Amino acid sequence: MKDALLAIENLSVSFHMGKRTTKAVENVSLYLEKGETLGLVGESGSGKTVTAMSILRLLPGSAVYPSGAIYFNGKDCLGMDEEDLRKIRGNRISVVFQQPMTSLNPLHRIGKQIRETLFLHQAISHTQADQKALAWLDRVGLKNPATKLTAFPHQLSGGERQRVMIAMALINEPDILIADEPTTALDVTVQAQILDLIQDLQKELGMAILFITHDLGILKKIADRVAVMKEGQIVETNVPDLIFKAPAHPYTRHLIDSEPRGGPDPVGDGDQTLLEVSGLKVWFPIQKGILRRTVGHVKAVDGISFTLKRGHTLGIVGESGSGKTTAGFAILKLNNSMGKILLGENSLNDMASAEIRELRKRMQIIFRTPWQPEPQDVRGANHRRGPVHTRPRPQPGTGGGKDHGGHGKSRAGPGGPGPLSQ
Ligand SMILES: Nc1ncnc2c1ncn2[C@@H]1O[C@H](COP(=O)(O)OP(=O)(O)OP(=O)(O)O)[C@@H](O)[C@H]1O
Ligand SMILES: [Mg+2]
C-alpha cells in the first residue's frame with residue numbers, strides 16, 4: 001500500500017481542548033492510485049474532513065496524531081518539515097472546499113489570488129501568470145474570463161466561484177485533488193456541470209481525486225472505489241457497484257436506505273388553506289450616479305402565486321438566482337414586495353410591523369447555511385455573520401428609514417414598495 005501515490009496508514013487524529021482530548025479519526029487506512037477517484041462518504045462529524053486535512057497538515061495546532069503515517073510518493077507527510085510540505089501543498093496536492101466564499105479572500109481580485117497560487121510554485125513573470133490565469137478561467141468554462149480576472153469574489157455567482165477555486169487548485173497541475181464537498185452548496189444544474197468539469201480535467205491531467213461527499217448518488221457516478229466512514233473509522237471500502245448492491249456493513253446499508261425515495265404521505269383535498277400568495281413581486285432597484293437615480297430593476301421575484309394548506313408541504317425548486325430565497329423573505333415580510341399575502345384570514349399587506357412581528361411566530365424559516373446575506377443585499381456583498389433579524393429593515397429605494405448597506409437613499413414614499421413605485 002505504501003507504493004500507492006497516496007497511502008494513509010493507521011491514521012488517528014485527536015484534538016486537545018483544554019484538559020480534554022477528543023478522538024476525531026481512529027486507525028484509518030486508505031490508498032489512492034494515480035488517476036483514480038476514491039469517494040469518501042459518511043455522516044456529518046464522521047471525520048472525513050479531518051482525514052483529508054491531515055494529508056497536508058492543514059489542521060489547527062490543537063490536532064495531534066497519536067498514530068499513523070501518510071505517504072505521498074513514498075514520503076511521510078506527517079514527518080516532513082514545513083519547507084518540503086509547502087512544495088507539495090497547492091502544487092502536487094490541491095484542495096477544493098465546499099464554500100468557495102470562505103476559501104477565496106473577499107478583499108482581493110480573482111486575478112491576484114490566482115497569480116499568488118502560481119508565484120508560490122513557479123518562477124514566472126506577472127504577464128505570464130496573467131496569461132496562464134486567463135487560460136485556466138477559460139478552461140474551467142467561465143464566460144468573459146478577462147472580466148473575471150478583475151472581479152472580486154462577491155461579484156461572481158456560487159457556481160462561478162467554485163470554477164475559480166477549481167482553476168486555482170488545478171493551475172499547477174497536481175497529482176492529487178482533494179475535493180471536500182465541492183458541489184454541496186450548488187444547485188443541481190451547476191453541480192452537474194462542475195462534476196463533469198472535474199472529471200474532464202482529471203482525464204486531461206491524469207490526476208487522482210479524493211472526493212468527499214454526503215451524496216452517495218454522486219459517488220455512484222464518479223468514484224472508482226468508495227470508502228465509508230463512521231465515527232472516525234472506515235467501516236467498508238469497495239467498488240461502487242458492490243457498495244450499492246451488496247453493502248457489507250450495516251451502516252453502509254443504513255446510508256443507502258436513508259437516500260430519499262418514494263413519495264410523501266397522502267394529504268387531504270379539503271384541508272384548510274393557510275397561506276395564499278398571489279402576484280408576489282420583489283424588484284430591487286438598480287441605482288446609478290451621485291443622485292442614486294433608479295435606472296432599472298432586478299426582478300428577483302416577478303409575479304408568483306400559490307396556496308399552501310395546513311399540514312401540506314409545498315416545494316419550490318429552481319436554479320441558483322431564480323428567486324426562491326427572496327420569495328421566502330417576502331412571505332415573512334423581511335423585504336418589500338408587491339402582491340397579496342394572506343396568512344389565514346390576515347392580510348400581511350395591511351398590517352403594521354408590530355402585528356407582523358406577532359404573526360411571525362406562526363411562520364418560521366430555516367436557512368441553508370447558518371449565516372445568510374442580508375435579505376436586501378442583492379449584490380451578495382457585506383455578508384455579516386450572526387442571527388438574521390426578524391424585523392423588516394428599510395429597503396433600498398423605499399425611503400423607510402436610514403440607508404442600509406450602502407445602497408443609497410430612497411426616492412419613493414415611506415412604507416410603500418419603493419422599488420415598484422418608481
Ligand atoms: N478544530 C477542531 N477542534 C476540535 N474538534 C474538531 C475540530 N475539527 C473537527 N473536530 C471534530 O472532529 C470530528 C470530525 O469532524 P470532520 O469535520 O472531519 O467531520 P466530517 O465527516 O467532515 O463532517 P461533515 O460531513 O459535517 O463535513 C467531529 O467530531 C468534529 O467535532
Ligand atoms: Mg467535512
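What is the mean pLDDT of the chain, and what share of its residues reach 70 or more? The mean pLDDT, the predictor's confidence in each residue on a scale from 0 to 100, is 83, and 86% of the residues reach 70 or more. This is a predicted model, in which local features need pLDDT of at least 70 and side-chain atom pairs count only at pLDDT 80 or more, whereas totals for chains, interfaces and linings use all residues. Residues are numbered from 1 along each chain as its sequence is written, while chains are lettered from A and ligands numbered from 1 in the order in which they are written.

**Confidence**

- Over residues 371-422 pLDDT stays under 50, and for these residues the model has 86 contacts beyond four places in sequence, a contact being two residues whose C-beta atoms, placed from the backbone, lie within 7 Å.
- Where pLDDT is low, the predicted coordinates should not be read in detail.

**Surroundings of ligand 1**

- Ligand 1 is surrounded by 15 residues, of which Phe15, Ala24, Ser44, Thr49 and Val50 are the closest; a residue counts as near if its C-beta atom, placed from the backbone, lies within 6 Å.
- At least two residues of this shell come from each of β1 (6-17), β2 (20-32) and α1 (48-55), where helices (H or I, at least four residues) and strands (E, at least two) are DSSP runs numbered from the N terminus.
- Helix α1 gives the largest share of the shell around ligand 1, namely three residues.
- The shell is made up of five nonpolar, nine polar and one charged residues, with Ala, Val, Leu, Ile, Met, Phe, Trp, Tyr, Cys and Pro counted as nonpolar, Asp, Glu, Lys and Arg as charged, and the others, Gly among them, as polar.

**Packing of α4 with α7**

- Helix α4 (residues 110-121) packs against helix α7 (residues 158-170) at an angle of about 20°, with the axes 9 Å apart; axes are lines fitted to C-alpha atoms, for helices over the stretch in contact, and angles run from 0 to 180 degrees between N-to-C directions.
- That angle makes α4 roughly parallel to α7, since angles under 35 degrees count as roughly parallel, over 145 as roughly antiparallel, 65 to 115 as roughly perpendicular and the rest as oblique.
- In this pair Ile110, Gln113, Ile114 and Thr117 of α4 meet Val164, Ala167 and Met168 of α7, and the residues of the contact divide into five nonpolar, two polar and no charged.

**Packing of α7 with α8**

- The axes of α7 and helix α8 (residues 188-205) come within 11 Å and cross at roughly 15°, and the two helices are therefore roughly parallel to each other.

**Packing of α4 with α5**

- Helix α4 also packs against helix α5 (residues 126-139), at an angle of about 110° and with the axes 9 Å apart, which makes α4 roughly perpendicular to α5.
- Here Gly111, Ile114, Arg115, Leu118 and Phe119 in α4 meet Ala129, Asp130, Lys132 and Ala133 in α5, a contact with five nonpolar, one polar and three charged residues.
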